[in-house]
Protein chains: 2
Amino acid sequence: MVDMKKKIIILGGGFAGVECAKHLQKKLSKSTDIEIILVSEDNFLLFTPMLPQVASGTVQTRNIVIPIRTIIKKVTFYEGRVRHIDPVTRQVSLWGTPEKPGITLEYDYLVVALGSETNFFGMNDLENNAFRMKTLNDAVIVRNRIIDMLEQANNEPDPDTRKSLLTIVIVGGGFAGIETAGELNDFLNDAIKYYPKIIMNDISVKVLEALPSILPGFSPKLAEFTQNQMIQRGIEINLRTAVTGFDGNIVTTKNLDDQTTDILHTKTVIWTAGVTPTNTVKRSIFKTEKGKIIINEYLEADGYKGVFAAGDCALCIDTSTQKPFPPTAQLAEAQAKRIAANLYSLIKNNSMEKFTYAPRGQMAVIGKRTGIVSIFGLNIRGMMAWLLWRNVYLKKMPSMSKRARLLMDWFQDALFDRDISRLKIMRANPIKEYETLQVLDDFW
Amino acid sequence: MVDMKKKIIILGGGFAGVECAKHLQKKLSKSTDIEIILVSEDNFLLFTPMLPQVASGTVQTRNIVIPIRTIIKKVTFYEGRVRHIDPVTRQVSLWGTPEKPGITLEYDYLVVALGSETNFFGMNDLENNAFRMKTLNDAVIVRNRIIDMLEQANNEPDPDTRKSLLTIVIVGGGFAGIETAGELNDFLNDAIKYYPKIIMNDISVKVLEALPSILPGFSPKLAEFTQNQMIQRGIEINLRTAVTGFDGNIVTTKNLDDQTTDILHTKTVIWTAGVTPTNTVKRSIFKTEKGKIIINEYLEADGYKGVFAAGDCALCIDTSTQKPFPPTAQLAEAQAKRIAANLYSLIKNNSMEKFTYAPRGQMAVIGKRTGIVSIFGLNIRGMMAWLLWRNVYLKKMPSMSKRARLLMDWFQDALFDRDISRLKIMRANPIKEYETLQVLDDFW
């Protein structure tokens, strides 16, 4: 009897995947003939807006993640990395590890919400030497790196080397780049009181952005306010500046106006300048554009009935502008909700509804007690916006326990000094994407 | 003028090193002609008694470490790993990294407090496959491992494999082993409610100990109480059992009474069965016994005036029993205090005092709301001892902010469910102990 159950598989444990599972779980609570399965590489939902705060240590690592199993208790959960999606045989296979065999799951309905990963646009030296700010591990590693630089700089007699150790370059003037720059600048300025040989002037946080302004999604007024605030706090912002390389010591840049090139001495580059869907999506047989799955107005993958895509890996066109919507958590959640409803209609043989979406606004923290918020056509900035940011995100956190912890973190940050303990950890090696076992076999 | 300063170098940032620096800083606060230098591999003091609680997630990672720079603000701090101690030329050299050159420091007085590391007694397969519980990274990695096993076991159809995934073997029935077993057993029992396919019977936590009883330092009564408590909670305790190998899947054991051998199926072995001083101390020219520096009654290294040793790397004989004192934080701190006083006497040309020590007692947490305490000849056990434990260690924590955080962690642990988020991190590679550059050079 169990095998007769219809299976809905959701791939991805980000905002889109978890939201979709939540809504489906609710809608299908009485349908015992349907099993909902969620597959995710991590067993937690990452609260991405607070990543920069983990990088600066204001918020503790585990306080911005919520175990997926605790959110969707009636959904079958698989921790695993998706290897291959076959929409013809309706199968999904997961990567194995030396300790755990791979697995193949069959589905009747599929939701692809595999998100995106950092895009270095083919620049290998940057991929090898730059830091990322996309996952929880990235944020932890950036924090430890910054403290490492402080420790090294404090005992460095040569002033030029000291400056290069304390120059942090952030590539990308979008949300992630600006928030990271603000947090790290605050952290460095607070932390140096424990490093007697480092002076304020040794520190330099630089943002490099190829566009003519930072925060392209916001109103020009808020972007300008942010830029002025950041410059006042000592952050350098270089617009129309493209990064062309980074060997671990020197960043090469190009001014896009006059095409002149320049160099910057630094040991630490944080790359926030682009994302791209994961390889699994790119090499799937779905129709894609720039790696993103092309979807119809019901959010179905072009040509595959009952297969939906949402979030960063789906190409969702705004019919009013004919341009793709920018990839935000808000969009992902709206899509997830629509997909859950459409899937339900499909199962019940009702007709599906088209996806409609109007962004509700956006907000960012740009430094200590300063934020920007754009909502209902209103632009709010400064401390008011910062408080609003904290309020909204605290309410969004779907776990009472983590909410209490976050409040405690913020409270302690206001009361006590920064923690400068440095852990010596690194990202665990991801599973090899292409196994070379066959090649090795030939050796024998 | 600066070069005329006399230099005291303290090697090691554990309880011994930091305590010694604290006392010297106080005593020498008016002596501008003396510089105190502390060298430590990590820039924080690790509060080791709470490591098992980090492994079980009751306490958050960063809440049991205090940045050294914040404790001893007038001491010059070097984050680095000691490469070589030369007591003849009075120099200490630190390892470099590809990014940072090595460095050589000169001293007038030296305190060696380099602690110890896990000792596998030459069993390479255990060294490669077993987990440790000595550093903060070890505890974090053990936590992630246990959650990994839960995730894998939940989707494992074969009951034998599932049992082997959920069998956790802890080698060593001392402090670390018993506390770790208690914490992990509690964690597993709490966490399985989120893993619908795992039942209580699948879980097995086993302690293997070569001696005829656990907790050799405690009174037989408390040890017996602990053993009964743990068995009641489902923990298996195998005495007179030596581990002879572990290939990642199978542990081989030997019963020391009847010399029979046995095997255990498990993927996770946590080794807490021995420590040994670091290589730097072992290959130094100090007189050592079992790797530990032989010290005289003033805690000076045999034959080297003005060079002291304390903590796990020093061989300190109890004159009343003619046996070495067991290596505890308490002993390390008492030695550090005596060394600081003796160093001060040496500098002021006064006579040094002999080291005397009487242990004040000891305590352990053995599971949820249960502890054992032995103090002033009294044996306390159960909830009372558990509360005492928390009180004492909370007071010992030398940071208001961390104390508040710990209280909050404990409060939250009582109120909310366990956090089962698994981070994918690993220990950063240590600096290569023996560089092979010379050999490579021959290639060219």
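**A serine and its surroundings**

Tutor: Let's start with the side chains of A:Ser116 and A:Lys134, which are joined by a polar contact of 3.3 Å. A polar contact is a pair of N or O atoms within 3.5 Å; within protein, one must be able to donate a hydrogen and the other to accept it, and residues adjacent in sequence count only if both atoms are side-chain atoms. Bear in mind that this is a predicted model, where local features need pLDDT of at least 70, side-chain atom pairs count only at pLDDT 80 or more, and totals for chains, interfaces and linings use all residues. Residues are numbered from 1 along each chain as its sequence is written, chains are lettered from A and ligands numbered from 1 in the order in which they are written, and side-chain values use heavy atoms, with hydrogens and water left out.

A:Ser116 has another side-chain partner: the side chain of A:Asp312, at 2.8 Å, in a polar contact. Leaving aside residues up to four places away in sequence, A:Ser116 touches A:Lys134, A:Val275, A:Thr276, A:Pro277 and A:Asp312 (contact means heavy atoms within 4.5 Å). The serine belongs to strand β10 of chain A, residues 116–118; strands are DSSP runs (E) of at least two residues and helices are runs (H or I) of at least four, numbered from the N terminus. A:Ser116 counts as buried because its relative accessibility is 14%, with buried meaning under 20%, exposed over 50% and partly exposed in between (1.4 Å probe, protein chains only).

Elsewhere in chain A, the axes of helix α5 (residues 136–154) and helix α7 (residues 175–191) come within 11 Å and cross at roughly 35°. Axes are lines fitted to C-alpha atoms, for helices over the stretch in contact, with angles from 0 to 180 degrees between N-to-C directions. On the α5(A) side, A:Val142, A:Ile146, A:Ile147 and A:Leu150 make the contact, meeting A:Leu184, A:Phe187, A:Leu188 and A:Ala191 of α7(A).

Chain A also meets chain B, with 57 residues of chain B in contact with 57 residues of chain A.

Over in chain B, two loop residues are worth a visit. B:Arg90, between β6 (82–86) and β7 (91–94), has a positive phi of about 60° although it is not a glycine. At 32% relative accessibility, B:Arg90 is partly exposed. B:Phe376 sits in the loop between β27 (370–375) and β28 (378–382), and its phi is near 50°, positive in a residue other than glycine. With 74% relative accessibility, B:Phe376 counts as exposed.
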